[in-house]
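Here is a walk through one protein model, taken piece by piece. Keep the viewer open and follow along.

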Amino acid sequence: MRQFPTTLSQFIIRSQASHAGATGEFSSLLTQIGLVGKLISQDLRRAGLINILGTTGETNVQGETVKKLDAIANDDFVKVFQSSGHVCALASEEMEQPILLPKNWPHGKYMLLFDPLDGSSNTDNNMPLGAIFSVLRYARTDQSPTEADLIRPGTEQIAAGYLLYGSSTMLVYTVGQGVYGFTLDPDIGEYLLSHERIKILDKGKVYAANEGNYNKWSEGTRKYFDWLKVSDKPTGRPYSARYSGCLVADVHRLLLGGGIYLYPGEVDKPEGKLRLLYEANPLAFIIEQAGGKASTGTTRILDVEAKKLHQRVALIIGSRFDVEQAEAHMQGRA
Ligand code: AFP
């Protein structure tokens, strides 16, 4: 008999069956993430033909230029989830204020935080893009959440994942029991299980960073980058540089092949560039579940205190040995 790979829906139903008391609401939420991925990848495939490249002329809450596709991807997330009945709050890198659903609106017990289009400067060049999501549970049933309820430490995430729009579209996620990857089969419109229980190598051979910022980094950070380039067979140096401008694509590469991604703090901007709640926390959850590490250079990402919705953080993420080497240099121990 012909063997069919497991579909995302089958996988979700099977996982749900192993959780006593599961209502199916969380399973539906994941299916809806898959739907958003299909909507966005459909737009991306035709983006050069239907006048949705370029900018909207606006600037977002992060002070960055908004691409038309940023706005479209954000709208897709909001449209799908606002009336899904699965969430009570939505917060996005692209929205200054979160959407807090009133009690009389169909809503569920989850709160979704997302970066709707990661690497959006890649949109006009047909380069990889992504989306990142983080799911929190809202425990109270007697009142609607407030913005403060969304500002939680990464250790409280109950699920996290990303969509990667590359040569194929993938959905990778964790619920704290390993990391699973699904590839969208465009012919049948289904995500199929393609990467089961992903484990990251303890050490890689590749680093990803915007080295144009070298002169803005601390001495320890610069020393680490210099160290990566010195030939030394036992530690596999020199490392190769690979940087796409899309965090999801770079983290996906190292999840599968090992290595390190760094967006360190700068001397005049120690908080770094990336967003804690929409980017660093969900990717840290995934990488830790795969056996890797995520750090600010001094602190585990998942232990960073979240103080505001659009908080930035330095991010060093990847294979355990590589992140530890980077930390040792940054802390002046190497
Ligand atoms: P955009 O989504 O605003 O393009 O930012 C992408 C990103 O958050 C991350 O995906 C990249 O790794 C990083 O920023 C790129 O930043 P630089 O352009 O400063 O290298």
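Strand 7 and strand 8 are joined by a hairpin with three residues in the link. Strand 7 covers residues 159–165, and its pairing with strand 8 is antiparallel, over six bridges. (Helices, H or I with at least four residues, and strands, E with at least two, are DSSP runs numbered from the N terminus; two strands pair if DSSP finds at least two bridges between them.)

Before going further, a word on what you're looking at: this is a predicted model, where local features need pLDDT of at least 70, side-chain atom pairs count only at pLDDT 80 or more, and totals for chains, interfaces and linings use all residues. Residues are numbered from 1 along each chain as its sequence is written, and side-chain values use heavy atoms, with hydrogens and water left out.

Strand 8 also has a partner in strand 9 (residues 179–185), again antiparallel, with five bridges. Thr174 has Val179 in strand 9 as its bridge partner. These two strands make a hairpin too, with four residues between them, and Gly176 in that turn has a positive phi of about 95°.

So how enclosed is strand 8? Six of its six residues are buried, so strand 8 is largely enclosed by the rest of the structure. Buried here means under 20% relative accessible area, with exposed over 50% and partly exposed in between (1.4 Å probe, protein chains only). In a regular strand, side chains alternate between the two faces of the sheet. Here Thr169, Leu171 and Tyr173 point one way, while Met170, Val172 and Thr174 point the other, and all are buried.

Strand 8 turns up again at the largest pocket: along with helix 1 (8–17) and helix 2 (25–46), strand 8 (169–174) gives two or more residues to the lining. That lining has 25 residues, with Ser15, Gln16, His19, Phe26 and Val175 nearest the centre, and the pocket holds about 560 Å³ of space. A pocket is an open set of points on a 1 Å grid over the protein atoms alone, with protein on both sides within 12 Å along at least five of seven lines; a cavity is a set where a 1.4 Å probe fits but cannot get out, and lining residues have an atom within 4 Å of a point.

Five strands form an open, mixed sheet in the order 12-11-13-17-15. Strand 12 (240–241) and strand 15 (293–295) are at the edges with a single partner strand each, so one side of each has no neighbour in the sheet. Strand 11 and strand 13 run parallel and are joined by two bridges, and Tyr207 has Ile260 in strand 13 as its bridge partner.

Finally, look at helix 5 (residues 219–229), where the buried residues are Gly220, Thr221, Tyr224, Phe225, Trp227 and Leu228. They cover an arc of only 155° around the axis (taken from the directions from the helix axis to the C-beta atoms), which puts them on the same side of helix 5. Their cover includes strand 11 (206–208), strand 13 (260–263) and helix 8 (320–330), where contact means heavy atoms within 4.5 Å.

Notes:
Grid points are joined across faces, edges and corners, and a volume is the space filled by probe spheres set on the points.
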